[in-house]
Amino acid sequence: MKKIFFLVFISILSSCVSVKKHNEKRETPVSAEKLKQDVDYAYNKLQKLHPNLYWYISKDSLDFKFDSLKTTISKPLKPNEFYQKFAPIIAKIREGHLRLYPFEKRLTKKEIRDLKNQKGLLSRYNFVLDGDRVFVKDNTDKIPNMAVGTEILKIKDIPIKDLLEKYRPFVNSDGYNKTFLKYSLERRWPSFFTAEFGILDSVKVETKFNNEVKTFYLNREKVSKEEKKKEETANKKLTKSETGKVKDYNILTKSYNRDLQFPTKDSTIAYMKIKTFSGTYSRKFYKQSFATLKKSPAKYLLIDIRDNLGGSLYEINNLYSYLVSDEFKFINDIEVTSRSAMFQADYLANFPILVKPLAIMVYPFYLVGTALSTKKVNEKIYLRNNGIFALKKPKKNNFKGKVYVLINGSSFSAASILPSKLKDEKRAFLVGEETGGANDGTVAGRYSTEKLKNSKLYLPIGLMLIQPNIKFTHTKKGVVPDQEIIPTLEEILQKKDVQLDWVMAEINKENPSRF
């Protein structure tokens, strides 16, 4: 209870702290002794709260890395200089959900207001990495000099190779998986760049396209009133669509999170794209989709969870119930470090600001429920089954045809747990790349966000060991596809979907008469 009221009190005080004072702390060096205290504090919290800290690295090895880090801190460092030393050590734990966050700059109200009326800089593009090279994958706004396939050579006169080399140690994946690292760096290097150099109005860029090298400035453009009104009208229309996807439209990605299509004229093939397992509106989507599948002549279901970073365990458990015909247990009992570990969870993080006062009043009941939710088995502590992960019956409209699942290195967390279970039960044929999340589970669910007292860096620690109910592979890697197909750089830039094409060709081989 004290922790909750303390967090509320701090949040109220923090709103009164001036932006100037906050940002001054970012530029103020912290003594070596205090930074070493932060290292010890973080490691102590990891040992107390992380339920499988030594899954991918031995205790001796991790002890050595933390001790070695402290020996390298011999002078005062600014918080984000400390971050650059500490973040790679956290990454060595090899837990994709576990990452250290830098001390972010706080913006004034005017700066926030101005940014809302401006377009992004590097965020307006999607990039693809090929080793130490970066190429423009998408340029939806058709900004000049940044055509698809353009290679970024330098930014602010810094070779892109040097930037990637600096940022690469900050990203990690589950275990010894390597596919996730590429996708993660593709997404995050612009954020690392912004964290290092600030929010810029323009940036000098050197590029290469069709063997022609150009140097120019990318500028942050203002959003016109006409553009803003047009976008708001389009979003309003789409979110009120009558297509059965009501409210599942994602305004940020300008697409539906989930979609069901029949790509062939005879409707014997169904294609289901799931961009995120957010849980939001998922129950209605699957109920409608599988009712539609039941009435259709579909014999094949293609589930595409490429670039799906995971989300709700409830959603994947529910989806799985539509894919099987027998009773099943989807997730093993969830392991935690102690009976009190869940007391440390970020309780208020799940509530909107207006509901927080009510949440505080309910907190004592949460504590009692949490205290009664654990059990001890063979000296280990588990959360008692809450119904979601008990033995489940399949849905009446379960799909009985052949299932293909498309995966890649950016299929992470829940989007790795689902194909892991499907593969173990031999219920689906997996096509694509090894997933970015581990085959045998992950540490996530609820978090305890620890703020390092002196450097002000944040370290969210997963409290729950979540594992699918399977025969574990112990490979310490991701879910391996039954058919590996890795697209080339040229195929990616040309928007060729070689993985989906392979599945369609395979179905054609099985039923040549249907074409």
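**Helix packing and the nonpolar core**

Modeller: The model is predicted. Helix α7 (residues 160-167) and helix α8 (residues 179-197) have axes that come within 10 Å and cross at roughly 95 degrees. An angle from 65 to 115 degrees counts as roughly perpendicular, and α7 and α8 are therefore roughly perpendicular to each other. On the α7 side the contact is made by I160, L163, L164, K166 and Y167, which meet L185, W189, F192, F193, E196 and F197 of α8. Sorted by class, this contact holds 9 nonpolar, no polar and 2 charged residues.

W189 of α8 is also one of the residues that touch the most other members of the largest nonpolar core, a set of 107 residues; the others are F86, L218, F277 and F290. Helix α3 (residues 32-49) gives the most to this core, with 7 residues. Leaving out residues up to four places away in sequence, F290 touches M272, L301, L319, Y322, L323, N397 and F399. Another core lies apart from this one and has 11 residues, including L302, L406, V431 and L500.

The aromatic pairs come to 17. One of them, Y125 with F127, is tilted, at 6.0 Å centre to centre and 50 degrees between the planes. Y125 has 5% relative accessibility and so counts as buried, the limit being under 20%; F127 is buried as well, with a relative accessible area of 5%. Y320 and F330 form a tilted pair at 5.1 Å and 45 degrees. Y320 sits in helix α11 (residues 313-321), and F330 in the loop between α11 and β12 (335-336), 10 residues apart. Ring pairs also link F86 with Y43, F66 and F82 into a cluster.

Key. Residues are numbered from 1 along each chain as its sequence is written. This is a predicted model: local features need pLDDT of at least 70, side-chain atom pairs count only at pLDDT 80 or more; totals for chains, interfaces and linings use all residues. Side-chain values use heavy atoms; hydrogens and water are left out. A nonpolar core is a set of buried Ala, Val, Leu, Ile, Met, Phe, Trp, Tyr and Cys residues joined through side-chain atoms within 4.5 Å. Buried means under 20% relative accessible area, exposed over 50%, partly exposed in between (1.4 Å probe, protein chains only). Helices (H or I, at least four residues) and strands (E, at least two) are DSSP runs, numbered from the N terminus. Contact means heavy atoms within 4.5 Å. Axes are lines fitted to C-alpha atoms, for helices over the stretch in contact, and angles run from 0 to 180 degrees between N-to-C directions. Angles under 35 degrees count as roughly parallel, over 145 as roughly antiparallel, 65 to 115 as roughly perpendicular and the rest as oblique. Ala, Val, Leu, Ile, Met, Phe, Trp, Tyr, Cys and Pro count as nonpolar, Asp, Glu, Lys and Arg as charged, and the others, Gly among them, as polar. Rings of Phe, Tyr and Trp (its six-membered ring) pair if their centres lie within 6.5 Å; planes under 30 degrees apart count as stacked, over 60 as edge-to-face and the rest as tilted.
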